[in-house]
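Could you give me a guided tour of this protein, one selection at a time? I have it open in my viewer and would like to know what to click on next.

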Amino acid sequence: MLAAACLLAACSSVRLAYNNVPTFGTWWLNSYLDFDGSQSAKLRDDLGSLQQWHRSTQLPEMATLLQRGQSLAAQEHVDAAQVCALVEDVQRQLADIGTHSETSAAQLVRSLTPAQLQHLEAKYAKSNEEFRKEWLDLSPAKLRDKRYDKALERAEHVYGRLDTEQRALVRRQVDSSTFDPQRLQAERLRRQQDTLQTLRSVAGEQATPEQAERALRGLFARYRQSPQPDFRAYAQRQIDEGCAGVALLHDSATAAQRENAVKRLQAYEKDFRALAAQR
């Protein structure tokens with residue numbers, strides 16, 4: 001969540017988004033689990049502690065990753081392996097966040113009540129309906145158009161306006177992608193059931209703190225890598241396609257577009273280093 005708040009926010013609002021993670025995170029998780037006052041207070045404190053750890057240890061690493069990204073963005077040619085190397089480092093940092101949060105998360109989930117787990121199940125049902133309307137109910141043509149619009153928006157956020165040939169390249173990448181929202185929905189449902197089963201096994205202090213930590217560690221691991229071989233293969237194909245697509249688009253970039261990409265990444269690096277310096 002901490003990483004996503006920075007990576008998904010507009011550059012000008014990264015610092016605001018990051019500094020408000022404890023408040024936003026408490027509100028967001030409360031919408032899923034309907035915490036009582038004491039649980040909300042503990043969660044806010046836990047997220048504040050997690051943020052301070054992330055600020056002092058992870059943000060400097062993220063800034064270093066952005067420096068590497070700038071070096072790549074300045075090059076005329078980038079290959080897919082170089083892009084995927086950065087992706088793997090980001091994935092490792094996200095895994096580190098999960099590992100660091102296990103103890104505090106285990107304490108919180110042990111306090112959950114049956115009513116709160118029912119609230120979570122109802123929230124999942126609502127989320128699934130929204131996903132269905134947003135992705136599954138679209139015709140193939142509308143789905144491709146939606147994905148193209150999102151891909152174009154992301155690309156132009158980094159490089160600036162793309163020309164006609166570059167837009168056609170993005171369109172071809174979208175059209176040839178193996179992206180499958182049905183597969184995503186199946187994995188979402190698996191994760192939801194896995195989460196509910198795991199939380200039910202430790203909620204109400206049925207498990208010791210150590211048992212709860214082990215249960216959450218396993219759950220987090222299954223989130224990062226699905227136990228379903230077919231989905232693992234699909235997810236890897238999506239990563240490989242994404243890395244190859246970024247490399248192809250970058251190779252088509254003009255000197256001005258590469259400069260724009262470097263400046264964009266420099267701005268993020270500046271924000272991350274400024275945030276890391278705060279206490």
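Keep in mind that the model is predicted.

**Stop 1**

Begin by selecting helix α3, residues 21-33, and colour Phe24 in it. Phe24 has 42% relative accessibility, so it counts as partly exposed.

Is Thr26 buried or exposed? Thr26 is buried, because its relative accessibility is 4% and the cut-off for buried is under 20%. Show its side chain and look for the backbone oxygen of Pro22, which the side chain of Thr26 reaches at 2.7 Å. Then display the residues that Thr26 contacts beyond its neighbours within four places in sequence: Val21, Ser40, Leu43, Arg44 and Leu47.

**Stop 2**

In soluble globular proteins, nonpolar side chains tend to be buried together. To see this model's largest nonpolar core, which has 25 residues, start with Leu59, Tyr159, Leu162, Val170, Leu249, Phe272 and Leu275, the members that touch the most others. Colour the elements that give two or more residues to this core: α2 (14-19), α4 (37-74), α8 (140-159), α9 (164-176) and α13 (255-277). Which element gives the most? That is α13, with seven residues.

Zoom in on Leu162. Leaving aside neighbours within four places in sequence, Leu162 is in contact with Leu152, Ala155, Glu156, Arg167, Val170, Leu249 and Gln257. Apart from this core lies another one, of 23 residues, and you can find it by selecting Leu43, Ile97, Val202 and Ala212, which are among its members.

**Stop 3**

How many salt bridges does the structure hold? There are 21. Select Asp271 and Arg15 to see one of them, with N and O 2.5 Å apart. This pair links distant parts of the chain, as Asp271 is in helix α13 and Arg15 is in helix α2, 256 residues apart. Asp271 is buried, with a relative accessible area of 8%, whereas Arg15 is partly exposed at 31%.

**Stop 4**

**Stop 5: a network of charges**

For the last stop, show Glu187, Arg190, Arg191, Asp194 and Arg222 together: salt bridges that share partners join them into one network. Then focus on Glu187 and Arg190, which form a salt bridge with their closest N and O atoms 2.9 Å apart. Both lie in helix α10 (residues 181-202), three residues apart, about one turn of the helix.

Terms used
Residues are numbered from 1 along each chain as its sequence is written. This is a predicted model: local features need pLDDT of at least 70, side-chain atom pairs count only at pLDDT 80 or more; totals for chains, interfaces and linings use all residues. Side-chain values use heavy atoms; hydrogens and water are left out. Helices (H or I, at least four residues) and strands (E, at least two) are DSSP runs, numbered from the N terminus. Buried means under 20% relative accessible area, exposed over 50%, partly exposed in between (1.4 Å probe, protein chains only). A nonpolar core is a set of buried Ala, Val, Leu, Ile, Met, Phe, Trp, Tyr and Cys residues joined through side-chain atoms within 4.5 Å. Contact means heavy atoms within 4.5 Å. A polar contact is a pair of N or O atoms within 3.5 Å; within protein, one must be able to donate a hydrogen and the other to accept it, and residues adjacent in sequence count only if both atoms are side-chain atoms. A salt bridge is a side-chain nitrogen of Lys or Arg within 4 Å of a carboxyl oxygen of Asp or Glu.
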